[in-house]
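Subject: Structure handover

Hello,

Please find the structure below. My notes on it follow.

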4 protein chains.
Amino acid sequence: MVIVMKSTATKEDIKQIERLLERLDLGAHISTGMERTIIGVIGDKRLLEGVPLELMSGVDKLVPIVEPYKLASRTFQPESSIIRIGNSSIGGEKLAVIAGPCAVEGEEQIIEIAKYLKSMGVEFIRGGAYKPRTSPYSFQGLEEEGFKLLAQAREETGLLVVSEVISTEFLDQAAKYIDVIQIGARNMQNFQLLREVGRLKKPVVLKRGLASTIEEWLNAAEYIMKEGNYNIILCERGIRTFETYTRNTLDLSSVPVVKELSHLPIIVDPSHGTGRSSLVRPMSRAAIGAGADGLMIEMHPNPKLALSDGPQSLDFKEFGLLMEDIKRISQVVGREM
Amino acid sequence: MVIVMKSTATKEDIKQIERLLERLDLGAHISTGMERTIIGVIGDKRLLEGVPLELMSGVDKLVPIVEPYKLASRTFQPESSIIRIGNSSIGGEKLAVIAGPCAVEGEEQIIEIAKYLKSMGVEFIRGGAYKPRTSPYSFQGLEEEGFKLLAQAREETGLLVVSEVISTEFLDQAAKYIDVIQIGARNMQNFQLLREVGRLKKPVVLKRGLASTIEEWLNAAEYIMKEGNYNIILCERGIRTFETYTRNTLDLSSVPVVKELSHLPIIVDPSHGTGRSSLVRPMSRAAIGAGADGLMIEMHPNPKLALSDGPQSLDFKEFGLLMEDIKRISQVVGREM
Amino acid sequence: MVIVMKSTATKEDIKQIERLLERLDLGAHISTGMERTIIGVIGDKRLLEGVPLELMSGVDKLVPIVEPYKLASRTFQPESSIIRIGNSSIGGEKLAVIAGPCAVEGEEQIIEIAKYLKSMGVEFIRGGAYKPRTSPYSFQGLEEEGFKLLAQAREETGLLVVSEVISTEFLDQAAKYIDVIQIGARNMQNFQLLREVGRLKKPVVLKRGLASTIEEWLNAAEYIMKEGNYNIILCERGIRTFETYTRNTLDLSSVPVVKELSHLPIIVDPSHGTGRSSLVRPMSRAAIGAGADGLMIEMHPNPKLALSDGPQSLDFKEFGLLMEDIKRISQVVGREM
Amino acid sequence: MVIVMKSTATKEDIKQIERLLERLDLGAHISTGMERTIIGVIGDKRLLEGVPLELMSGVDKLVPIVEPYKLASRTFQPESSIIRIGNSSIGGEKLAVIAGPCAVEGEEQIIEIAKYLKSMGVEFIRGGAYKPRTSPYSFQGLEEEGFKLLAQAREETGLLVVSEVISTEFLDQAAKYIDVIQIGARNMQNFQLLREVGRLKKPVVLKRGLASTIEEWLNAAEYIMKEGNYNIILCERGIRTFETYTRNTLDLSSVPVVKELSHLPIIVDPSHGTGRSSLVRPMSRAAIGAGADGLMIEMHPNPKLALSDGPQSLDFKEFGLLMEDIKRISQVVGREM
């Protein structure tokens with residue numbers, strides 16, 4: 001932490017800060033510049049929690065030096081994490097594909113998809129049981145029945161199951177049926193949900209919030225890790241910008257950035273990230289090119305009949321073409337499928 | 001709803017859509033333009049839920065005509081709502097001021113503030129018991145103890161109590177102690193929380209999400225109203241933009257916009273909206289000038305010692321000056337204090 | 001300037017930076033923290049221009065301490081500037097109103113408006129002669145003929161004339177006819193235009209760019225001032241965000257922020273800032289409440305017939321109501337009309 | 001164009017619009033819905049320029065149906081454009097690489113780079129002669145001398161030369177020395193510059209503005225094409241968002257979107273798009289994966305000594321690795337190098 005003093009700060013202002021830091025067992029390094037004095041704070045900055053230094057006489061601003069998260073940081077753990085899920089894993093050499101419908105709609109639909117995915121060599125199926133929808137009049141999901149159908153799909157095919165939990169009261173229910181809990185973009189800063197999912201120890205896909213910086217996203221991961229659950233897969237799914245042609249702006253730079261800052265694996269969801277099925281294939285290739293550890297893809301046997309997010313879902317044929325692309329591009333980036 | 005066809009759409013494409021609409025008991029008005037055909041859909045558009053028209057052959061895009069929310073709309077209720085809370089109210093001629101510390105820190109602090117607010121003619125005290133914080137290492141609030149201290153402040157002063165609830169499991173607890181439940185910006189699309197608070201029937205302050213459009217905000221209100229709770233006060237608190245000098249960008253245009261679109265009252269929180277105490281007073285004047293029904297202000301007997309958000313809190317003297325400004329400006333806009 | 005070293009930086013890395021700074025005649029204050037070393041650079045940071053310190057071995061990031069602009073800064077000139085224009089001025093106690101049509105359309109129109117404004121006590125008329133339009137197929141303005149008509153309006157009424165210049169080749173032409181040159185939002189970083197207008201010495205209204213931070217805006221002013229022209233009036237006109245209901249998001253916080261950082265006057269354009277005539281009056285009140293030195297308002301005798309931006313223009317009656325509001329609110333903020 | 005009427009619109013309101021459209025020789029198709037009436041306008045919508053329909057009694061909003069640009073549209077020209085430049089081209093099967101320093105700094109530097117690029121099989125060299133810089137105190141480029149050095153580099157190596165022109169008065173100068181004129185992000189809506197460059201007929205690299213939608217970008221291209229210059233290469237270089245870790249947010253979705261909407265080629269500049277040299281290689285792979293027609297890359301023999309933008313420049317070794325990656329990935333997307 002660096003404290004930047006105003007050009008008008010007095011010697012007494014600076015003394016007062018030195019005294020405060022001393023009382024907190026923190027060191028102070030004073031640099032007197034031509035226009036400003038700056039004070040470097042030495043020691044555990046968490047001792048400063050709740051001390052509004054900004055308000056002290058003569059202080060202009062505070063500049064944090066160390067990132068606020070610790071367990072999620074690559075400084076803390078230099079080697080990349082590999083998250084084990086059943087007999088599979090995410091974050092290693094092999095690219096992970098999580099695919100399936102936006103919403104679980106019924107037995108026939110989900111079993112058909114599961115069998116298709118199995119035949120394609122995919123290891124994870126996704127499907128929404130509880131759907132966060134902007135309007136209360138939109139389809140809200142099959143709820144527990146949806147979880148049950150996903151579990152049935154796993155039994156019939158061996159696929160691992162990923163599904164979103166939108167509130168703490170559904171966590172126990174989810175834990176019974178599913179393998180990976182997804183925290184959606186709108187809940188990325190639902191801190192109570194993060195804490196509870198941290199206690200559960202199940203692997204978690206943590207989507208980036210629509211208006212979240214990468215630092216806030218890693219702080220959200222830190223909430224989960226602080227409770228003891230280190231099995232986190234980050235998922236870039238687009239941020240909100242002024243561009244309206246796409247549903248969101250898929251920020252693929254976050255992939256190499258996360259790789260620099262954190263040891264956690266990161267996958268990309270080009271379906272929500274663009275909102276248009278015609279963009280899913282090129283943006284999937286781009287994601288793997290950028291270094292992502294995998295993809296989350298919305299697909300549906302018949303997108304025209306999907307109960308939600310049809311416009312961004314691929315059909316079986318389109319999904320097959322995407323898988324071929326990914327297979328070929330994986331070799332260029334030193335990965336496999 | 002208007003369906004815009006591609007310039008390459010065939011007659012058969014158009015026929016197929018007509019047949020589909022017919023099956024759904026919806027009418028179709030076809031306009032054949034020079035370059036495009038457009039189809040106006042006549043009837044209850046909710047019959048179209050889950051029908052991804054965008055994917056049908058020849059369709060270019062869909063254009064919604066009617067806003068998706070109903071109960072929150074001024075079309076549905078032309079006269080402005082006044083929300084009754086105890087012997088007070090928000091939304092009528094009298095401007096409401098909700099003031100208090102970011103976080104309840106202890107008995108002495110909250111009682112001192114409550115007595116001061118009472119002496120200033122303020123009717124509502126706010127204070128956080130559960131604090132949503134970006135980092136898990138920051139102060140998270142006194143939790144239930146915080147609610148109890150707020151209730152004690154009410155007993156000693158008669159002030160009405162506003163406090164945030166961050167997860168459904170704390171709703172019953174909150175209902176015991178507080179008068180108005182605040183839904184924070186990060187939870188504006190925590191739909192399960194919205195539903196549960198809708199069933200509770202307590203007045204709700206619904207803050208705008210950091211990345212939420214005004215339409216999404218009114219949809220969030222609709223979630224609460226759909227469960228039967230019409231006692232909603234909207235609160236503008238800034239949106240996230242590229243500007244970094246202020247913590248958020250306070251979007252004061254949302255005040256007259258909400259007044260056009262909805263009958264619900266709207267207040268403004270310039271403390272979170274700017275993140276700097278020096279901006280709170282001018283932006284409070286601006287908010288009332290724009291037509292807001294009231295303000296939510298962070299203040300603290302000694303901002304330098306506040307456990308959270310000190311930099312944006314006013315002290316008693318600054319708060320006094322703000323109240324004078326507001327009193328004078330209220331007359332210009334035909335309101336009173 | 002503070003140089004933050006990586007946690008992995010070696011002693012040699014630090015030595016190398018010390019040596020470099022020495023060679024540049026800059027001092028270095030080293031603070032060795034628990035996790036990081038930081039180096040405060042002492043001296044004229046402009047000596048560092050073109051030295052990519054970020055790339056030196058062991059460097060994590062650079063943190064600027066002093067704002068990059070100087071002449072525009074309140075540190076440089078503590079008292080507020082008052083810009084003299086003819087017998088009038090902007091920035092003093094008296095609020096300035098600049099009003100008129102988006103585009104000059106013809107003699108009859110501009111003279112009718114000028115006489116009306118004169119009768120209302122307004123001192124400045126605005127009108128576009130060169131119009132920057134998103135589409136090349138939209139009306140682009142009357143060009144030089146527009147400037148001439150504005151000059152004629154001045155002759156007949158004594159009003160001072162404000163009009164936009166969109167490219168350096170029209171500056172001499174503009175200088176002949178008009179009193180205040182407007183630099184539009186799209187040209188805020190047209191640095192050649194800024195330099196040329198700086199040499200011209202005419203008063204300048206400098207609009208904020210759609211995607212410009214307040215710091216970049218003040219840097220743009222610095223370009224003009226560096227050439228010797230200190231007669232700058234800043235104009236907030238909305239920034240681009242994800243909200244689509246309004247044309248832009250009017251960032252009124254910029255008003256008190258600019259007042260803190262700079263001595264230059266700042267006015268607000270709620271017409272472009274919102275894009276809707278129904279929002280102009282409330283947002284004008286808000287702007288004055290926030291402390292603006294004046295307003296720029298689009299109005300038209302018959303907005304329904306305006307050749308551009310009709311939807312955001314006021315008619316005479318609406319403009320009259322706005323003027324009354326402003327008159328009353330000006331007293332609350334210690335200004336006059 | 002569709003006119004959506006308010007729910008309160010009267011029959012007379014609708015009649016009046018019908019009469020107006022009739023007078024303008026436009027047809028009207030009326031659809032009377034349950035809640036609203038909508039009017040489809042049939043005919044050349046440019047007849048409506050300057051008619052503010054939004055202000056007519058009973059009108060709620062206007063919904064444009066056809067995109068506003070024509071010459072740049074894929075509807076107008078279905079096959080992809082290939083831009084011929086000297087003996088080379090951009091937009092065909094072969095990926096284009098434009099590389100070089102941010103700024104031309106001197107003969108030795110630019111010739112060294114040119115020879116290196118030649119040896120790597122690169123066909124285009126870029127280098128700034130006129131630099132748009134946020135602060136007037138930053139290095140502004142060598143101006144005409146810079147153009148001359150670029151021309152010298154072409155003579156010695158045969159490379160084609162790309163350089164930015166920041167104002168109309170430098171266009172003739174540029175035309176003498178360089179092969180491709182770059183319009184920078186800050187000038188994307190400098191409409192006078194667009195018009196003049198349109199008359200010049202030289203190939204143009206048109207960068208996307210920091211706050212520009214894809215539609216506005218294509219409109220900017222339309223300005224150039226309307227003057228007769230069809231030789232346009234679009235260049236995605238990142239948009240401004242709330243994320244601060246990267247300098248901009250590189251919006252790679254714009255690549256497949258532009259491919260859908262327009263026939264013009266599109267390249268990607270990951271150097272400005274991210275502002276960090278460590279991200280350039282992964283984002284270059286991503287850009288080609290997304291379908292870009294080429295890359296614009298900043299590189300420098302010694303980034304630590306670059307006079308501008310050093311932190312985002314690659315050195316020769318890093319550039320070599322990038323070229324290898326691109327070569328391998330080009331095959332996956334059916335392109336060649």
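Two strands are taken as paired if DSSP finds at least two bridges between them. With that in hand, Ile3(A) stands opposite Ile39(A), a residue of strand 3 of chain A. Please keep in mind throughout that this is a predicted model. Its scores are ipTM 0.90 and pTM 0.91. For chain A the mean pLDDT is 91, and 97% of the residues of chain A reach 70 or more.

The sheet in chain A

Strand 1 (residues 2–5) and strand 3 (residues 37–42) of chain A run antiparallel and are joined by 3 bridges. Both strands belong to an open sheet of 4 strands in chain A, with the order 2-3-1-4 and antiparallel pairing. At the edges of this sheet are strand 2 (27–32) and strand 4 (59–63) of chain A, each of which pairs on one side only. From one strand to the next, the twist averages 20°. Helix 1 (residues 11–23) of chain A packs on the sheet and touches strand 1, strand 2 and strand 3 of chain A. The direction of helix 1 makes about 160° with that of strand 2 of chain A.

The sheet in chain C

What is the strand order of the open sheet in chain C? The order is 2-3-1-4, in a sheet of 4 strands with antiparallel pairing. Strand 2 (27–32) and strand 4 (59–63) of chain C are the edge strands, each pairing on one side only. The twist here averages 20° from one strand to the next. Strand 1 (residues 2–5) of chain C pairs with strand 3 (residues 37–42) of chain C in the antiparallel sense, over 3 bridges. Opposite Ile3(C) stands Ile39(C), in strand 3 of chain C. Helix 1 (residues 11–23) of chain C lies across strand 1, strand 2 and strand 3 of chain C, and runs at about 160° to strand 2 of chain C.

Strand 3 of chain B

In chain B I looked at strand 3 (residues 37–42), which is mostly covered: 5 of its 6 residues are buried. Strand 3 of chain B has 3 bridges to strand 1 (residues 2–5) of chain B, and the two run antiparallel. In this pairing, Val4(B) has Ile38(B) as its bridge partner. Strand 3 of chain B also pairs with strand 2 (residues 27–32) of chain B in the antiparallel sense, over 6 bridges. There, Thr32(B) stands opposite Thr37(B) of strand 3.

Helix 7 of chain A

Why can helix 7 (residues 254–261) of chain A be called largely enclosed by the rest of the structure? Of its 8 residues, 7 are buried, so the rest of the structure largely encloses it. The buried residues are Ser254(A), Val255(A), Pro256(A), Val257(A), Val258(A), Lys259(A) and Leu261(A). Their cover includes helix 6 (214–226), strand 12 (232–236), strand 13 (266–268) and helix 9 (277–290) of chain A. Helix 9 (277–290) of chain D is also part of that cover.

Chain D against chain A

Chain D superposes on chain A by a rotation of 180° with 0.0 Å of shift along the axis, at an RMSD of 0.1 Å. The two copies are thus related as by a two-fold rotation axis. Within chain D, the residue that comes closest to this axis is Ala286(D), at 1.9 Å (C-alpha).

How many residues of chain D are in contact with chain A? There are 35, and they meet 35 residues of chain A. Helix 7 (254–261), helix 9 and helix 10 (316–332) of chain D each supply at least two residues of the side that touches chain A. The largest share of that side, 9 residues, comes from helix 9 of chain D. By class, the side has 19 nonpolar, 10 polar and 6 charged residues. The copies meet through the same surface, because 100% of the interface residues of chain D are also interface residues in chain A.

Chain D against chain B

Chain D can also be laid on chain B, by a turn of 180° and a shift of 0.0 Å along the axis, with an RMSD of 0.0 Å. For this axis, Phe242(D) comes closest among the residues of chain D, at 2.1 Å (C-alpha). Here too the same surface serves both copies, as 100% of the contact residues of chain D recur in chain B.

Regards

Notes: Residues are numbered from 1 along each chain as its sequence is written. Chains are lettered from A and ligands numbered from 1 in the order in which they are written. This is a predicted model: local features need pLDDT of at least 70, side-chain atom pairs count only at pLDDT 80 or more; totals for chains, interfaces and linings use all residues. A residue is buried if 20 or more other C-beta atoms lie within 10 Å of its own, exposed if 12 or fewer, and partly exposed in between; C-beta atoms are placed from the backbone. Two residues are in contact if their C-beta atoms, placed from the backbone, lie within 7 Å. Copies are superposed by least squares on the C-alpha atoms of residues with pLDDT of at least 70 in both. Ala, Val, Leu, Ile, Met, Phe, Trp, Tyr, Cys and Pro count as nonpolar, Asp, Glu, Lys and Arg as charged, and the others, Gly among them, as polar. pLDDT is the predictor's confidence in each residue, from 0 to 100. Axes are lines fitted to C-alpha atoms, for helices over the stretch in contact, and angles run from 0 to 180 degrees between N-to-C directions.
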